[in-house]
Amino acid sequence: DERSTLVLNCLREEQHRGRSSHHYGRPGHITGSLNAPAADLFEPDGTFRPPESLRAFYAARGWTPQMRVIAYCGGGIAATGGAFALTALLGHDAVSVYDNSLQEWATDPDLPMSAG
């Protein structure tokens, strides 16, 4: 697949930036990933935002329908919200969830992480 890949961290911004006391072995995010908090996908009543709003949310992070997307979080749970929004609500056909996410990545000191 020759598509470019967009890696999205679905945790809250303070965790992405490494400013939260809650982390998964090392604070921060997978180097090169962009923050797309799963919590920001919802309306105040708990329903998903409308497709046009979700499209703008992801486009602001560089997403285009031609890209492959890998969504991750702490263990793979919050990332499923982003994967659902992209596939079921926006019709995107190339989305993966990194199962075990930072619980696996952050514990390996050889894998790159960034904060800030």
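## Residue classes and the model

Ala, Val, Leu, Ile, Met, Phe, Trp, Tyr, Cys and Pro count here as nonpolar, Asp, Glu, Lys and Arg as charged, and the others, Gly among them, as polar. The model is predicted, so that local features need pLDDT of at least 70 and side-chain atom pairs count only at pLDDT 80 or more, while totals for chains, interfaces and linings use all residues. Residues are numbered from 1 along each chain as its sequence is written, and side-chain values use heavy atoms, with hydrogens and water left out.

## Contact of two helices

Helix H2 covers residues 51-59 and helix H3 residues 78-89, helices being DSSP runs (H or I, at least four residues) numbered from the N terminus. Their axes, lines fitted to C-alpha atoms over the stretch in contact, lie 11 Å apart at an angle of about 120 degrees, on a scale from 0 to 180 degrees between N-to-C directions. That makes H2 oblique to H3, the class left after angles under 35 degrees (roughly parallel), over 145 (roughly antiparallel) and 65 to 115 (roughly perpendicular).

Pro 51, Leu 54 and Tyr 58 in H2 meet Gly 82, Ala 85, Leu 86 and Leu 89 in H3, where contact means heavy atoms within 4.5 Å. By class, this contact has 6 nonpolar, 1 polar and no charged residues.

## Lining of the largest cavity

Leu 11, Gln 15, His 22, His 23, Tyr 24, Arg 26, Gly 28 and Leu 102 line the largest cavity, a set of points on a 1 Å grid over the protein atoms alone where a 1.4 Å probe fits but cannot get out, with lining residues having an atom within 4 Å of a point. This lining divides into 3 nonpolar, 4 polar and 1 charged residues.

Technical notes:
On a 1 Å grid over the protein atoms alone, a cavity is a set of points where a 1.4 Å probe fits but cannot get out, and a pocket is an open set with protein on both sides within 12 Å along at least five of seven lines; lining residues have an atom within 4 Å of a point.
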